[in-house]
Amino acid sequence: MSQAPATSLQDIVSHAKEYGFVFPSSEIYDGLQAVYDYGQNGVELKNNLKNMWWKAMTQLNDNIVGIDAAIFMHPLTWKASGHVDGFNDPMIDNKDSKKRYRADQLLEGKAEQYAAEGQAEKAQELLNEMGRLLGDNNLEAVRELIIAEGIKCPISGTSNWTEVRQFNLMFSTQVGSVAEDSNLIYLRPETAQGIFVNFLNVQKSGRMKIPFGIAQIGKAFRNEIVARQFTFRMREFEQMEMQFFVRPGTEMAWYEQWRDTRLKFHQAVGLPTEKLKFHIHEKLAHYANAAVDIEYQFPFGFREIEGIHSRTDFDLKNHQELSKKKQQYFDNDLDENGKPFGNYIPYVVETSVGADRLFLAVFCNAFTKEMVGEGENQKERTVLKLHPALAPFKAAIFPLVKKDGLPEKAREIEKALKTEFRVFYEERDAIGKRYTRQDLIGTPFCIAVDYQTLEDNTVTIRHRDSMEQERVHISELKAKIGYAVSEQRILEAI
RNA sequence: GCGAAAGUAGCUCAGCUGGUAGAGCGCGACCUUGCCAAGGUCGAGGUCGCGGGUUCGAACCCCGUCUUUCGCUCCA
């Protein structure tokens with residue numbers, strides 16, 4: 001038995017394109033970097049994943065409801081979230097080493113050096129000056145300050161710096177049909193804020209009691225410095241986020257619970273335990289007091305597919321401040337002294353999955369090259385071993401040959417099944433070729449209609465992963481396929 | 001943004017020291033065919049990423065440009 005051939009990301013990218021899962025955006029115009037389109041099979045798989053997530057959140061938890069907020073939001077939203085101030089990093093390159101640094105980090109490093117040398121005052125002065133210049137957006141002065149401080153590139157040892165440039169995380173656009181009157185607004189860089197600004201709307205209209213959650217699936221947009229690794233980093237991507245509102249002080253318990261629940265979800269959709277791990281953030285973002293990523297082992301290494309963050313009351317507190325609208329909740333539950341917990345701004349535990357990353361993880365995991373057959377008949381087979389509930393097509397129906405009434409019989413079966421499952425009918429080419437085509441797109445079952453079918457109404461079901469066949473009566477098909485492809489199997493495993 | 005490599009049929013790729021483009025698979029039609037990419041016959045499909053230059057002549061040499069991949073920088 002020879003070894004199964006190694007698979008690379010390149011194989012997966014090619015397969016995704018060849019079989020209608022993912023196409024490069026605007027390919028006829030040479031493409032658009034870091035943007036991809038989902039094809040006829042990709043959209044099915046992605047929709048199935050999104051649907052599983054939606055049900056895992058809203059159907060399995062009676063205290064979680066969903067919303068669908070707009071992509072456009074009031075500009076102050078991004079002031080409150082910290083995206084305007086927090087993610088505009090000034091960048092500078094060293095011309096000799098070609099290394100890029102964050103200008104503020106270079107200056108902070110220098111300040112630390114002063115502090116270590118006992119010149120605390122000088123260190124503070126430098127930081128103040130830097131803060132002032134960055135506040136004024138005076139990038140040229142920041143560069144001059146770096147040069148004046150004699151900061152050198154650790155690699156090249158020179159001060160041959162380029163100008164300082166701003167890295168813009170958010171995409172902006174104009175709202176208002178007349179150019180002069182229009183306002184600059186941003187395409188949302190995360191869906192979370194659509195949930196936060198609707199926190200009270202949902203809480204009041206749904207009579208929600210803490211703890212409760214709001215789930216949302218939607219597009220978000222970010223400028224990436226580099227876009228690599230296929231759909232792992234895209235400028236336009238889709239998030240599946242759930243913000244869970246809790247009483248302050250209870251957030252760590254909920255954080256741990258959601259961390260474990262979310263891991264189970266990824267296992268339930270078919271990602272193997274040994275390819276998943278937690279990665280705990282040591283350095284926390286400006287809004288979090290605890291953060292962990294669920295990482296999947298892609299062909300290019302372990303990478304984040306989901307983040308679970310304890311966001312404290314950072315977002316709601318800032319929205320309250322900027323909007324001047326109270327974001328408080330009155331908690332009627334009684335504390336240990338028998339008094340209501342009363343008014344507070346809830347703490348938030350966030351679970352945030354990249355739909356595209358989950359898709360890529362599931363696709364990479366399903367993509368299998370294996371050797372089948374014995375001796376001289378041994379050959380390579382490529383098969384997408386998707387969880388049956390996620391597969392674009394649930395079953396394919398083939399008449400063994402295109403004559404003698406077999407196609408008519410097969411069409412009858414197709415008609416009976418198509419209202420329940422997405423099925424594929426094909427009568428051309430040799431049946432082996434048809435089986436192979438279905439393997440390539442991950443169809444779990446192939447139903448073959450042969451001469452025996454005409455006599456006793458039985459067909460063969462060929463199983464994708466084992467390639468084994470079993471003969472069943474036509475009347476059993478719905479139950480047999482239905483169980484295998486049911487979402488219930490996934491939801492029960494969470 | 002820097003460095004390196006690549007761009008030829010739907011896909012994977014070949015194409016020598018410059019001489020008007022090829023294979024395999026796939027695709028379409030027909031014939032054959034009783035279960036794992038089956039055989040046969042015929043057929044469609046390419047201004048060789050784009051623009052310029054050198055040359056009698058460029059897929060090939062030179063310059064520019066775009067796109068992709070890998071590495072570095074960044075990563076909420």
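Let's start with one pair: the side chains of D356 and Y38 are joined by a polar contact of 2.7 Å. A polar contact is a pair of N or O atoms within 3.5 Å; within protein, one must be able to donate a hydrogen and the other to accept it, and residues adjacent in sequence count only if both atoms are side-chain atoms.

Some ground rules. This is a predicted model, where local features need pLDDT of at least 70, side-chain atom pairs count only at pLDDT 80 or more, and totals for chains, interfaces and linings use all residues. Residues are numbered from 1 along each chain as its sequence is written, chains are lettered from A and ligands numbered from 1 in the order in which they are written, and side-chain values use heavy atoms, with hydrogens and water left out.

How confident is the predictor? pLDDT is its confidence in each residue, from 0 to 100. Chain A averages 86, and 91% of the residues score at least 70. In chain A, strand β3 (residues 64-66) has the highest mean, 96, and strand β6 (residues 165-168) the lowest, 68. For the complex, ipTM is 0.82 and pTM is 0.87.

Back to D356. It sits in helix α12, residues 355-366. Helices (H or I, at least four residues) and strands (E, at least two) are DSSP runs, numbered from the N terminus. Is D356 buried or exposed? Buried, because its relative accessibility is 3%. The cut-offs are under 20% relative accessible area for buried, over 50% for exposed, and partly exposed in between (1.4 Å probe, protein chains only). Contact means heavy atoms within 4.5 Å. Beyond four places in sequence, D356 touches Y38, K46, T231, M234, F237 and E238.

Next, M52, in helix α2 (residues 42-59). M52 is buried, because its relative accessibility is 0%. Its contacts beyond four places in sequence include F265 and L390. M52 and V269 lie 217 residues apart in sequence, yet 8.4 Å apart in space, C-alpha to C-alpha.

Last, a sheet. It is open, with five strands in the order β20-β19-β21-β22-β23 and mixed pairing. Two strands pair if DSSP finds at least two bridges between them. Strands β20 (423-425) and β23 (469-473) are at the edges; each has a single partner strand, so one side of each lacks a neighbour in the sheet. Strand β22 (residues 458-463) pairs with β23 in the antiparallel sense, over five bridges. There, R462 stands opposite Q469 in β23.

Technical notes
pLDDT is the predictor's confidence in each residue, from 0 to 100.
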